[in-house]
Amino acid sequence: MLHFYSGTLFHQFKGFDGDYFAHNEEIDLCWRLKRAGHRICCIPQSVVYHLGGGTLDYENPRKAYLNFRNSLFSIVKNEPLNRMIWLIPVRLMLDGVAAGMFLTQGKTKAIMAILRAHLSFYRQFSLYWRKRKAIENLVEKHRIGPARHTGIFRGSIVFNHYLKRVKHFSDLPKSKINQG
């Protein structure tokens, strides 16, 4: 997905988190913007040509590592505490399921990438907890309205993708997508 921001807004919200390197940094920024009341839009008719795997090849274990690690950090930085408390253990368990799936496919490097991601998450948790506090202050400082929850799927993407074989957001049950 392609994201556009004004330079001022990008800088007000401290841009991309440099500790991510790649993967999820744009989601993290959009999450901060939505928390401060900004609107994030999608124009489905848009066509964007993107060189997939431009930073890292799809099969590169570092890509798996960054995806698993950075998404955990995004949860710590952005989820409300009452949701984060149960979401992190569920997420760690689902990562274990993913490791099991990789085991059946013989992708041992991907399994090791998940383990490294978890170790990094545990080692750096206090850093991201401090970032969480700083982000809360930043969001409040630049708030333009209440947090926006439009477009958030109230269900399990993992369940829908792997068990129901849903491949596109537009195919998710509309009744579970927050409309406002």
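From the N terminus on, the elements of the chain follow the order α-α-α-α-α-α, which amounts to six helices and zero strands; helices (H or I, at least four residues) and strands (E, at least two) are DSSP runs numbered from the N terminus. The structure is a predicted model, in which local features need pLDDT of at least 70, side-chain atom pairs count only at pLDDT 80 or more, and totals for chains, interfaces and linings use all residues. Residues are numbered from 1 along each chain as its sequence is written, and side-chain values use heavy atoms, with hydrogens and water left out.

Along the principal axes, the C-alpha atoms fill a box of roughly 50 × 40 × 35 Å. Of the contacts (heavy atoms within 4.5 Å) between residues at least 6 apart in sequence, 68% join residues at least 24 apart. The accessible surface, computed by the Shrake-Rupley method with a 1.4 Å probe, comes to about 11,700 Å², and carbon and sulfur atoms account for 62% of this area.

Buried residues (under 20% relative accessible area, with a 1.4 Å probe and protein chains only) make up 37% of the 180 residues. A nonpolar core is a set of buried Ala, Val, Leu, Ile, Met, Phe, Trp, Tyr and Cys residues joined through side-chain atoms within 4.5 Å. The largest such core holds 14 residues, of which Tyr65, Leu66, Phe68, Phe102 and Ile114 touch the most other members. Two or more residues are given to this core by each of helix H3 (61–78), helix H4 (81–104) and helix H5 (108–141), and the largest share, five residues, comes from H5. A second, separate core of 10 residues includes Phe73, Val76, Leu87 and Ile88.

Phe102 is in contact with Phe68, Lys107, Ala110, Ile111 and Ile114, leaving aside its neighbours within four places in sequence. Arg132, placed in helix H5, counts as buried because its relative accessibility is 5%. When residues up to four places away in sequence are not counted, Arg132 touches Ile75, Val76, Lys77, Asn78, Glu79, Pro80, Leu81 and Met84.

Technical notes. Buried means under 20% relative accessible area, exposed over 50%, partly exposed in between (1.4 Å probe, protein chains only).
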